[in-house]
Amino acid sequence: MAGQAGLAPPDSVDRAEIVVVGAGFAGLAAAMALRRAGHDDVLVLERARAVGGTWRDNTYPGIACDVPSHLYGFRAHPNPDWSAVYAPGDEIRSYLEDVARAEGIRPALDSPLWSAVWDGSERHWRLTVGGARPRVVRAAVLVLACGRLTEPTVPDVPGLDGFAGPSFHSARWDHAVDLAGARVAVVGTGASAVQLVPPLARAAAASGGRVTLFQRTPAWIVPRGARPYTDDERHRFDDDPQALAALRAELYAEGEDRFASRSGDPAAAARAQAVAQAHLAAQVADPALRAALTPDYAFGCKRVLLSDDFYPVLADGSVRLEPSALVRVAGDTLVADSGRRHRADVLVLATGFASSRQPYAELVTGEGGETLAQHWSTGMTAFASTVVSGFPNLFVLNGPNASLGHNSSVLMLEEQAGYLVRCLDRRGADGVLRVRPEAERTWTAEIDAAAADTPWVRGGCENWYVDRRSGRLTLLWPGTVEAFRDRLAVTDGSEFE
C-alpha cells in the first residue's frame, strides 16, 4: 500500500479497512504495528478528547506506574528522559502523546463507540460512532483496544448516593474539591489507594485535616525502591542507547523471575512473602496495627503492591485505619462493618474497575446475533487471548488472559499486535477470518489447566483476575511473557476456518 503522512482520517470518512477502538497503550501498539506492516487505511477511534487511556483518566495524587519506567514503554520508542525509576502518571501520558505524534497517529477524538455489528452479507463491521458528529463507519477489521481499567466500580453501599459531601472515584478525581482541613475518607486498599493515601496524609497534616482508610482486605506490599534518576543517568541513557537497551533487558529478566513467586512456586512465594513481612515489620512497630495489615491469604492471590511510604503514614497516626469494609452511609457518617462510625467531609472511592466483565462487550454483536458479553457470560475467552469465535475479523487487545501480575503489560500488547498483523496476512479471497470454536475451547482449556493450582484461583482471596460468576481466571496470562511469545509464534493459521 502507498505510504501516507499519518493515520489521520478526514471528517467525511465512513469506511476504513481497519478500525482500532482506543488510543491508550493498546490502541497505539495496534496502530503502529499495522502501519509498519503497510496498512495505511486505519481509523483510530477515541472516546475522550485526548490520547492516553488510563494515564489520561487517572490523575489522583501520587499516581505512578508500578512497572519500572524503562520497561513500561514501546520497544520502538525508548525514552532516556524518564525522571524516576517509576514514572509519575503525567509523564506516561505525555510519553503516549509524544509517541502518537512521532508515529503520525491522529485519532478521531470525542468518538465513542456506541455499537458494532457484523454484517455477514457485506463482510464488514458496521459501527455506530457518537460524539460531536455521530456517524456510521464500516470496517473490514475491528480491533478493540479499549483497556481493562476504564470503567470504575462503585460499591453497592446503602446511602452512598446521599453522602453529605463531595464523593468521587479515584479514577475520576475531582480537582475542584478543596481538601485543606477536610476529613477525608478513602475506601479501598488496592494499588490506587496505596499510592494516593500518603500524599493525602501529608496534605492533611499540613492543613489540619484527617484521613480515614477503610480496609476490607489487607494487601501484600513489598518495597518499591522508588527514586529519581540523576541528570548523569539520563544523559548516559541519551548518549548511549546500548546502555538503555541493557537496562531494559535487565528489568525484563527481573520481571520474568517474579513470575514464580506470583504464580505459586512454594520456595519463590515463601521468599517473596518473607520480604513483604519484613517490610511490614520494619515500618510498623505496633503489633495490633501490624496484625491488621497482614493478609491471611496466599502471596500472589491478589495483586502484590509496591510502596515505601504507605505503612509509615499508618504507623505514625497520619492515617486512621478502619480495618473493615464500609457498609452504610448516613449523611456525613460512614458506618463500618465493625460497627464503628466515622464522620467525613469528602469520600474517595478507590474501589477498582470492571475488569473481568468488560463494558464494551455489550456493544459488540457477532454472527448469529450473539453479543460479546453473551459469548463471555461464563468468563472472557479467546484464542491467543486475541481472537474470538463467532466474531469474524475481530481482534481484542488487553482482553482475555492478556494481563500480567509480574511484568510489563506493554510487552503482551506488542505480541498481540504482532499476531494481529500476521493474521491479516492469512486472510483468504473473501477477506474474512473466522476462529474455529474448537480452537478457542482448546486454548481456554489450556488456560484453565495452567491456572488450576495457582494462588489466583486457589489462594483463599477474592481478586479481580478471576471471573466471579464462573470462578475462572480470565484476566491474567498464567505464564511468562516468553511463554506467551513462544505460543503465539507457533500459530499457523489453523485456528481459523
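User: Hello! How are residues numbered, and what pLDDT do local features need?
Analyst: Residues count from 1 along each chain as its sequence is written, and side-chain values use heavy atoms, with hydrogens and water left out. In this predicted model, totals for chains, interfaces and linings use all residues, side-chain atom pairs count only at pLDDT 80 or more, and local features need pLDDT of at least 70.

User: What distance does helix α3 reach from its first C-alpha to its last?
Analyst: Helices here are DSSP runs (H or I, at least four residues), as strands are (E, at least two), numbered from the N terminus. Helix α3 covers residues 89-103, which is 15 residues. The expected span is 1.5 Å times one less than the number of residues. For α3 that expectation is 21 Å, and the helix comes close to it, reaching 21 Å.

User: Which helix gives the most to the lining of the largest cavity?
Analyst: On a 1 Å grid over the protein atoms alone, a cavity is a set of points where a 1.4 Å probe fits but cannot get out; a pocket is an open set with protein on both sides within 12 Å along at least five of seven lines; lining residues have an atom within 4 Å of a point. The largest cavity has a volume of about 50 Å³, a volume being the space filled by probe spheres set on the points, which are joined across faces, edges and corners. Both α4 and β8 (210-214) supply at least two lining residues. The top contributor, with four residues, is α4.

User: How many charged residues are in the lining of the second largest pocket?
Analyst: This pocket has a volume of about 310 Å³, and its lining is made of 18 residues. Ala, Val, Leu, Ile, Met, Phe, Trp, Tyr, Cys and Pro count as nonpolar, Asp, Glu, Lys and Arg as charged, and the others, Gly among them, as polar. By class the lining has ten nonpolar and three polar residues, and the charged ones number five.

User: Is Gln416 buried or exposed?
Analyst: Gln416 is found in helix α11 (residues 409-425). Leaving aside neighbours within four places in sequence, Gln416 is in contact (heavy atoms within 4.5 Å) with residues including Ala384, Val396, Phe484 and Leu488. Its relative accessible area is 0%, so Gln416 is buried.

User: How far apart in space are Val42 and Ile105, C-alpha to C-alpha?
Analyst: Val42 lies in strand β2 (residues 42-45) and counts as buried, at 5% relative accessibility. In sequence, Val42 and Ile105 are 63 residues apart, while in space their C-alpha separation is 9.4 Å.

Key: Buried means under 20% relative accessible area, exposed over 50%, partly exposed in between (1.4 Å probe, protein chains only).
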